[in-house]
Amino acid sequence: MFEEEIHQTIISGNLFSSGETVAIGASGGKDSTVLAYIMKLLNEKYDYGLNLVLLSVDEGITGYRDDSLETVKRNKEQYSLPLKIVSYQELYNWSMDSIVRQIGMKNNCTFCGVFRRQALDRGANLIKADKICTGHNADDIAETVIMNILRGDIARLRRCTAITTCSDDDGIPRCKPLKYTYEKEIVMYAYFKNLDYFSTECIYSPNAYRGYARAYIKDLEQVRPSSILDIIHSGEVMCIKEETKMPVQTHCERCGYISSNKLCKACILLEGLNKGLPKLGIGKTPKTYRTEGASNSQNLVHVQTVLVRARQKLAPEMVL
Amino acid sequence: MCTSLEDGGLSYLKINNESYKATICMKCKVKSPQVVIRVNDAFCRECFLMYCTHKFRSAFGKSKIIRDGEKVLVAFSGGQASTAMLHLVKEGKSVRAQKKLRFVPGLIYVDEGAVLGHSNEDRQRIIDRISELFMDSGYEHHIIKLEQVFSEEFSDATLLSPNNAEVKTSQERLQQLFDSVQTITAKEQFLRTLRQQLISQVAKSQGYSKVIIGDTSSRLSVALLSSMAQGKGAHIAYDTSLIDDRYDQLLLIRPMREFTSKEVTMYNRFYGLNPLVVPTFTTKATSGASIDKLTETFVSGLQAEFPSTVSTIMRTGDKLSNGKVSMPDADGNTTSPCMLCLAPLDISVAESSALGSVRYTNQLAASRKSDSPTSSADNISASLERSCDLNSYDSSCCYSCQRLLEDMPQPKFLPGAVFSREQSRLAMKSYIEENLLS
Ligand SMILES: [Zn+2]
Ligand SMILES: [Zn+2]
């Protein structure tokens with residue numbers, strides 16, 4: 001039944017077409033392990049005709065990611081799927097460990113989140129994937145809806161319940177086959193199928209604010225078990241006023257990644273790291289980096305990173 | 001209306017916040033400050049009250065929604081916010097007012113004591129106090145019992161005496177109805193729906209075209225999140241914006257929308273007003289008692305730590321419009337609104353949607369019911385009671401009201417008069433015949 005529900009989600013949402021290469025975002029955690037297992041199973045059972053590849057991002061966190069990557073490597077053997085790993089170190093010249101050494105424990109999740117979004121797209125590009133699918137479950141999506149209301153982020157609020165997102169023609173579409181699957185169903189499925197996954201929390205402090213939203217969702221589920229799907233329904237049927245301004249998407253001047261400002265968030269954060277100004281890019285985008293008033297662009301210090309390369313086809317900013 | 005968030009306002013409210021050292025009022029720059037509304041905003045008494053009056057008046061000014069001489073019904077619950085609202089109306093009508101309010105106010109109080117478990121003595125005590133207050137105002141007024149939703153002639157909105165035999169039987173019917181509701185979340189939602197229906201019926205029958213209700217930003221930010229959590233995403237603007245236009249020929253207006261619960265409490269305190277404390281379903285309950293209560297605890301906790309929480313939620317709400325989800329059906333007929341909450345239906349969704357996935361799960365569960373048990377992994381969803389039977393009211397209720405009715409297994413005493421719309425009535429009748437009279 002669990003499997004059929006996810007099959008139904010994939011079919012009714014037209015998530016894939018035959019012949020496509022699909023990158024499965026694999027972190028070694030329960031969601032992505034279940035996703036990899038079930039994608040492999042459904043692809044064979046229902047003859048989707050997909051070319052599945054595991055794609056992992058190595059943030060460079062000793063004692064967390066190195067162990068979880070071992071899990072992914074075992075999954076690679078268990079499910080006989082190819083695996084591609086891209087690392088922060090090779091993409092940005094910084095690992096999370098070295099970032100934390102420089103900036104301390106505060107805000108490091110901002111760096112990690114921004115970098116991971118791009119890293120997954122870059123990895124998918126390298127393996128010429130047509131689609132990326134991620135293990136976000138119903139609980140994650142409900143939590144994100146609540147987060148975006150609390151943050152007043154109307155653009156993300158609109159996008160976060162979409163099953164497939166692609167805000168840019170160049171981008172690789174992302175989809176969430178587990179969108180309607182409760183976290184506890186995933187845990188039970190992984191348990192019954194005896195799946196090999198890694199369940200340690202990241203050693204760097206989790207986002208406290210997101211923690212509140214998470215606790216609220218869990219409490220809601222206690223009060224009314226359908227609450228999580230009810231929130232997703234709310235997100236799906238809600239309407240944004242037409243006159244509401246949405247950020248105009250352009251491309252980062254430095255790396256070509258999609259961005260609503262002159263420089264994408266990752267490049268601003270990197271510049272801060274490289275110049276020893278780690279506060280740069282935390283919170284609101286500084287004026288100098290916004291698209292309006294473009295005259296300041298010459299003043300920017302040109303930072304030599306692996307990101308500075310020819311404009312290439314890159315995917316949209318992740319929407320969760 | 002009268003929520004415990006507002007009633008509890010006093011506990012965290014402190015005049016002259018110790019951490020803040022303003023020495024003069026930020027407005028007049030003369031007097032010493034007596035209230036700090038936000039960090040760095042310290043007002044003296046006079047400037048604060050002027051600020052409140054201005055805020056209240058601008059709610060009408062901005063939209064020019066109320067015409068001169070129009071009858072406006074003031075929904076009064078006795079709580080902090082509606083006490084302040086009634087006072088603002090009275091001040092606006094008084095000779096002291098700089099620019100007089102030009103509408104003709106009337107007052108309404110809905111006595112919900114029957115379902116809130118109040119004793120008859122308590123109910124009478126509250127009603128006596130409200131009547132006195134209403135009489136003093138000199139405005140036309142209506143004190144309605146919630147059980148009058150059962151009354152055949154309640155559209156006449158007569159002031160019924162508590163000894164009236166008709167009321168007594170309808171009181172029992174109402175109590176039975178609420179007793180059959182299994183969760184406090186559903187009780188609260190159902191009470192809200194009935195109250196609004198009743199107020200709008202009285203308003204229409206008495207020639208009012210506007211109703212003003214005292215929802216503050218603190219209350220509405222909770223309502224917004226709570227509505228989201230109850231699947232009312234398509235109706236956020238109805239539930240929280242300045243104007244709720246879901247009712248036929250009647251507008252619901254929320255002029256207290258820019259006030260925080262703290263401001264309302266200060267206002268009442270400066271004028272020496274004493275709001276009523278009417279216990280609700282969750283007054284003494286823990287935070288997990290209902291979705292509303294949980295959300296209220298959640299928002300006030302965040303607000304204490306991040307003072308911009310309420311205003312950010314309200315800003316998000318301002319950018320939402322009512323969902324245009326009442327799609328025409330195959331024959332081009334627009335569907336009627338939800339028979340319970342009267343908001344447009346939000347259930348014509350694509351197969352790839354939350355509702356679609358619920359429907360599919362139900363379908364699977366139904367087809368499996370007769371089968372012998374398969375592997376345990378296969379039955380996870382079923383064992384988690386994920387499937388909820390949303391089919392029963394499929395076409396006549398919105399998603400959220402369907403959830404409400406799930407918690408109400410035998411709505412056999414539903415008051416027909418509430419669902420006055422012809423089509424709704426028919427739908428309800430056939431539903432009752434099919435499902436309940438067996
Ligand atoms: Zn960039
Ligand atoms: Zn409804």
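What spacing do the donors of the zinc ion (ligand 1) follow along the chain? They follow C-x2-C-x8-C-x2-C.

This is a predicted model, in which local features need pLDDT of at least 70, side-chain atom pairs count only at pLDDT 80 or more, and totals for chains, interfaces and linings use all residues. Residues are numbered from 1 along each chain as its sequence is written, chains are lettered from A and ligands numbered from 1 in the order in which they are written, and side-chain values use heavy atoms, with hydrogens and water left out.

**Zinc site**

The SG atoms of Cys252(A), Cys255(A), Cys264(A) and Cys267(A) coordinate the zinc ion (ligand 1) at 2.2 to 2.4 Å. Donors are N, O and S atoms within 2.8 Å of the metal (3.2 Å for Na, K and Ca); water is not among the atoms, so sites may look incomplete. The arrangement is tetrahedral because the 4 donor atoms subtend angles of 103 to 120°; four donors count as tetrahedral if all angles lie between 85 and 135 degrees. Cys264(A) is buried, at 2% relative accessible area, and Cys267(A) is buried at 3%. Buried means under 20% relative accessible area, with a 1.4 Å probe and protein chains only.

**Arg224(A)**

Arg224(A) sits in the loop between helix H10 (208-223) and helix H11 (227-237) of chain A. Helices are DSSP runs of H or I with at least four residues, strands are runs of E with at least two, and both are numbered from the N terminus. With 5% relative accessibility, Arg224(A) is buried. Its side chain makes a polar contact of 3.1 Å with that of Asp407(B). A polar contact is a pair of N or O atoms within 3.5 Å; within protein, one must be able to donate a hydrogen and the other to accept it, and residues adjacent in sequence count only if both atoms are side-chain atoms. Not counting residues up to four places away in sequence, Arg224(A) touches residues including Asp230(A), Thr183(B) and Arg403(B), where contact means heavy atoms within 4.5 Å.

**Positive phi**

Most residues other than glycine have a negative phi.

| Residue | Phi |
|---|---|
| Asn93(A) | about 70° |
| Leu342(B) | near 65° |
| Asn194(A) | near 55° |

Asn93(A) lies in the loop between helix H4 (88-92) and helix H5 (96-103) of chain A. Leu342(B) is in the loop between strand S9 (320-321) and helix H14 (354-368) of chain B, and is buried at 10% relative accessibility. Asn194(A) follows H9(A).

Terms used:
Buried means under 20% relative accessible area, exposed over 50%, partly exposed in between (1.4 Å probe, protein chains only). Four donors count as tetrahedral if all angles lie between 85 and 135 degrees; four count as square planar and six as octahedral if opposite donors are over 155 degrees apart and all others between 65 and 115; anything else is irregular.
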